[in-house]
Amino acid sequence: LRRSDRIRRSREYQRVSRLGARTANPDFVPLIASRGPGEGFGCRRLGIAASRKVGNAIVRNRIKRGVREWFRHSRSNLPVNVDLVVIARRHAGELEGHEMADSLDSIVVRALARWKS
């Protein structure tokens, strides 16, 4: 991912948390929010949160790599000018790569439906 495709600042995470549509499954909690006119245009951005409850550093980093890989392949399915924050839950550490992608696909579709309505 390019640097411009990532959510990096705490205030950006807080904005998505405050304004975003949220849904959940046992593996992930995605939050989706649109960006305003002064916050960049034409790209989709990803933020990932994985606390120590999810597992040790090895597990958390594997989850984050898996989410970034899913985002690389699925970003074209997301609307333009949207911020997506994915919060990993404890069960996410037990998933294999394809299971993680399937779980993210299904839950992000639900979050998008909630965000649009």
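## Before we start

Helices and strands here are DSSP runs, a helix having at least four residues and a strand at least two, and they are numbered from the N terminus. Please keep in mind that the model you are looking at is predicted.

How accessible are the two partners? Glu69 has 35% relative accessibility and so counts as partly exposed. Arg72 also counts as partly exposed, because its relative accessibility is 38%.

Salt bridges with shared partners also build one network out of Glu12, Arg15, Arg35, Arg45 and Asp83. In general, side chains of opposite charge can pair when their charged atoms come close. The structure holds 6 salt bridges.

## Pairs that reach across the chain

One of the salt bridges joins Asp5 to Arg75, and the closest N and O atoms of this pair are 2.6 Å apart. Which parts of the chain does the pair link? Asp5 belongs to the segment before α1, while Arg75 sits in the loop between α2 (57-74) and β4, so the link spans distant parts, 70 residues apart. Asp5 has a relative accessible area of 1% and is therefore buried, as buried means under 20%.

Glu12 and Arg45 form another salt bridge, their closest N and O atoms being 3.2 Å apart. Because Glu12 lies in helix α1 and Arg45 in strand β3 (residues 44-49), this pair ties together parts that are 33 residues apart in sequence. Are these two residues buried or exposed? Both Glu12 and Arg45 are buried.

## Charges at the surface

Now turn to the surface, where Arg3, Arg8, Arg9 and Arg11 gather in a patch of positive charge. Among them, Arg8 has its place in the segment before α1 (10-19). With 44% relative accessibility, Arg8 counts as partly exposed.

Our last stop is Glu94, found in the loop between β4 (82-88) and α3 (97-116). Why does Glu94 count as exposed? Its relative accessible area is 57%, and exposed means over 50%, so Glu94 falls in that class. Glu94 and Val59 are 35 residues apart in sequence, and in space they are 8.7 Å apart from C-alpha to C-alpha.

How values were computed:
Residues numbered from 1 in each chain as written. Predicted model: local features only at pLDDT ≥ 70, side-chain atom pairs only at ≥ 80, totals over all residues. Heavy atoms only, no water. Patch = residues over 30% accessible without salt bridge, like charges linked within 9 Å, V, L, I, M, F, W, Y side chains within 5 Å. Areas by Shrake-Rupley, 256 points an atom, 1.4 Å probe, with all protein chains shown as cover. Salt bridge = Lys/Arg side-chain N within 4 Å of Asp/Glu carboxyl O. Lys, Arg positive; Asp, Glu negative; His and termini not counted. Charge placed at Lys NZ, Arg CZ, Asp CG, Glu CD. Buried < 20%, exposed > 50% of the residue type's maximum accessible area, 1.4 Å probe, protein only.
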